[in-house]
Amino acid sequence: FDVLSKMSEKIILFHQNVLSPIDGPRSHFRPTSSRYMLLAIRRYGFTKGTIKGFDRLLRENNDPWIYRTKEIDGILYKWDPTY
């Protein structure tokens, strides 16, 4: 784990634990985009994980999703795991 990955992880965890509960959940994906980026950085390293995370953030919208979906508590989410 390099320094950039550790810093990124702390920022993402701050977002998940402090900012997101205040602002409320808004992600149309499962796992959420912040969780996806955290997992991608842990799996692929800082550079590739960040690129994958930013790509996911660019797709975070309410547009119809033609790929896999997952229903959780009666809500249909876009299913896009990091593996």
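Visitor: Two strands pair if DSSP finds at least two bridges between them. In what order do the three strands form the sheet?

Guide: The order is β1-β3-β2, in an open sheet with mixed pairing. Helices (H or I, at least four residues) and strands (E, at least two) are DSSP runs, numbered from the N terminus. This is a predicted model, in which local features need pLDDT of at least 70, side-chain atom pairs count only at pLDDT 80 or more, and totals for chains, interfaces and linings use all residues. Residues are numbered from 1 along each chain as its sequence is written, and side-chain values use heavy atoms, with hydrogens and water left out.

Visitor: Which strands stand at the edges?

Guide: The edges are held by β1 (29-30) and β2 (69-72); each has a single partner strand, so one side of each lacks a neighbour in the sheet.

Visitor: Do β1 and β3 run parallel or antiparallel?

Guide: They run parallel, and two bridges join β1 to β3 (residues 75-79). Within β3, Lys 78 is the bridge partner of Phe 29.

Visitor: And β2 with β3, parallel or antiparallel?

Guide: Their pairing is antiparallel and extends over four bridges. Thr 69 stands opposite Lys 78 in β3.

Visitor: How many residues are there between β2 and β3 in the hairpin?

Guide: There are two residues between them. Asp 73, in the loop between β2 and β3, has a positive phi of about 55° although it is not a glycine.

Visitor: Another backbone point: which peptide bond is cis?

Guide: The bond from Arg 30 to Pro 31 is cis, and its omega is near -5°. Pro 31 is found in the loop between β1 and α2.

Visitor: Turning to the helices, at what angle do α1 and α2 pack?

Guide: Helix α1 (residues 3-23) packs against helix α2 (residues 33-44) at about 160°, and their axes are 10 Å apart. Axes are lines fitted to C-alpha atoms, for helices over the stretch in contact, and angles run from 0 to 180 degrees between N-to-C directions. The two helices are therefore roughly antiparallel; angles under 35 degrees count as roughly parallel, over 145 as roughly antiparallel, 65 to 115 as roughly perpendicular and the rest as oblique.

Visitor: Is that crossing left-handed or right-handed?

Guide: The crossing of α1 and α2 is left-handed, a term used if the near helix is turned anticlockwise from the far one by less than a right angle, with right-handed used if clockwise.

Visitor: Which residues of α1 meet α2?

Guide: They are Ser 5, Ser 8, Glu 9, Ile 12, Leu 13, His 15 and Gln 16, which meet Ser 34, Arg 35, Met 37, Leu 38, Ile 41 and Arg 42 of α2 (contact means heavy atoms within 4.5 Å). The residues of this contact divide into five nonpolar, five polar and three charged. Ala, Val, Leu, Ile, Met, Phe, Trp, Tyr, Cys and Pro count as nonpolar, Asp, Glu, Lys and Arg as charged, and the others, Gly among them, as polar.

Visitor: With which residue does Glu 9 form a salt bridge?

Guide: The partner is Arg 42, and the closest N and O atoms are 2.9 Å apart. A salt bridge is a side-chain nitrogen of Lys or Arg within 4 Å of a carboxyl oxygen of Asp or Glu. Glu 9 belongs to α1 and Arg 42 to α2, so the pair ties together parts 33 residues apart in sequence.

Visitor: How far apart are the axes of α2 and α3?

Guide: They are 7 Å apart, and α2 packs with α3 (residues 46-58) at an angle of about 160°. By class, the contact of α2 with α3 has eight nonpolar, four polar and three charged residues, and the crossing is right-handed.
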